[in-house]
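Student: I am new to this one. Can we go through it step by step?
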Amino acid sequence: MNAANPHLKFASQAVAKPYFVFALILFVGQILFGLVMGLQYVVGDFLFPVIPFNVARMVHTNLLIVWLLFGFMGAAYYLIPEEADRELHSPKLALALFWIFAVAGVLTILGYLLLPYAGLAALTGNDVLPTMGREFLEQPTITKAGIVVVALGFLYNIGMTLLKGRKTAISMVMMTGLIGLAVLFLFSFYNPENLARDKYYWWWVVHLWVEGVWELIMGSMLAFVLIKITGVDREVVEKWLYVIIGMALITGIIGTGHHYFWIGAPGVWLWLGSIFSALEPLPFFAMVLFAWNMMNRRRRQHPNRAASYWAIGTTVTAFLGAGVWGFLHTLAPVNYYTHGTQITAAHGHLAFYGAYVMIVLTMISYAMPRLRGVGEAPPACAQRMELWGFWLMTISMLAITLLLTAAGVVQVWLQRMPADPAAMSFMNTMEQLALFFWLRLGAGVVFLAGLVCYLLSFRQRGSVVSQQAMAGA
């Protein structure tokens, strides 16, 4: 324990707090722009031309990626010192990288909103090294370079901490995932003129992040929290962790082939992509068994019930979103009709929420009481508010997924399998789906209400800190 905050094992763990706080701020921004997009689906000229749909979508997806990266970095700065059993190598470097990344991220989002995309490209030197214009990788080249600098500094800080401290399965799995995240991002700089080749390597960033190395980061965070809240022997947790990451890497890497079906890649990917991506639900199902098994073996009843809900919830929801909904349209004969439809959007929303949003919120839920000086858990009133947030966000995301799935089925029927191929254009099909999009917008408003509850629970924790400070004075 340390004198500045007796609830933290090491004082340097406090650098995780600004990362978590900024991640939640960006999360709010992501949801607000998601609601703007949802309204633009049914009211096409909403906020036009100030915020066109393509800009709102770009901001929505980029905020998702950036706030999750802030969450991962904050989790590493909290987790690694405890696992290594030593102070972070350089807290000052961690804070400096936070400000660099935060300022670069804010300026990039402002650039999307205030400048035409072509003007932003010209302003940031994209003509020197063209990397812009690709989905999810719309960041200016200069921003991508800044991300690489931040990633290298971050890996140096974490790596030196591990080299000088204890090595555990959890810390090594997380380090492997973080290194993979940084290395695979380098393919965002490779922008060949051939479109098929461009898409081939584009997936090395997008797919191998979310269905590869990010799963290692997720698994290590889940294992860390489960050890803390259940008291189960580390050896048991580590055995489960090795099995899960082994399955995740084997199925995820070769399963990249399910993105190669229709881009001009060799036909062998129809078989490899179908078979191995059909196996991708297995590691997520193993995570469900892992979490429930640890809860059944628990040796203590941790006072932070909300963190327990998030930990169990992330395994179940990730299995449904990444596993079940991913399998629904991953086989080549099915994907021939469903790719690029609202079914894809349904899978993407539930998979990202279950696998990565919820695990970051799990880590924040567990660590923030200690970071704020409250103790192992926030007061009961704060936990009740947080559980309201958990259920509202989770149920509304399930509703969004079901509505998008229904819309996707109708879209396939009208647009991909019509009796007269010329009868139903894309825009005419979208008009037929308006009811689903209105209901999806309503579910999105409920999700925002759940996020507000989650944030308000921290205010209640803050009031307890203030009361304790006044009592001590």
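Student: Which share of the contacts with a separation of 6 or more joins residues 24 or more positions apart?
Tutor: This is a predicted model. Take the contacts in the protein with a separation of 6 or more. Those between residues 24 or more positions apart account for 82%.

Student: How many helices and how many strands does the protein have?
Tutor: Both kinds of element were looked for in the model. The strand count is 0, and the helix count is 16.

Student: Why is the protein said to be as compact as a globular protein of that length?
Tutor: For 473 residues the globule rule gives 23 Å. The protein comes close to that, so it is as compact as a globular protein of that length. Its radius of gyration is 22 Å.

Student: What does the C-alpha trace span along the principal axes?
Tutor: There is one value for each axis. The spans are about 75 × 50 × 45 Å.

Student: Which percentage of the residues is buried?
Tutor: Buried means under 20% relative accessible area. The protein has 473 residues. The buried share is 55%.

Student: How much of the accessible surface belongs to carbon and sulfur atoms?
Tutor: The accessible surface comes to about 19,800 Å². The carbon and sulfur share is 71%.

Student: Is V149 buried or exposed?
Tutor: V149 sits in helix α5, residues 141-163. Its relative accessible area is 51%. Over 50% counts as exposed, so V149 is exposed.

Student: How far apart are the C-alpha atoms of V149 and A346?
Tutor: Along the chain, V149 and A346 are 197 residues apart.

Terms used
Residues are numbered from 1 along each chain as its sequence is written. This is a predicted model: local features need pLDDT of at least 70, side-chain atom pairs count only at pLDDT 80 or more; totals for chains, interfaces and linings use all residues. Side-chain values use heavy atoms; hydrogens and water are left out. Helices (H or I, at least four residues) and strands (E, at least two) are DSSP runs, numbered from the N terminus. The radius of gyration is taken over C-alpha atoms; the globule rule is 2.2 Å times the number of residues to the power 0.38. Buried means under 20% relative accessible area, exposed over 50%, partly exposed in between (1.4 Å probe, protein chains only). Contact means heavy atoms within 4.5 Å. Accessible areas come from the Shrake-Rupley method with a 1.4 Å probe; for residues, only the protein chains shown count as cover.
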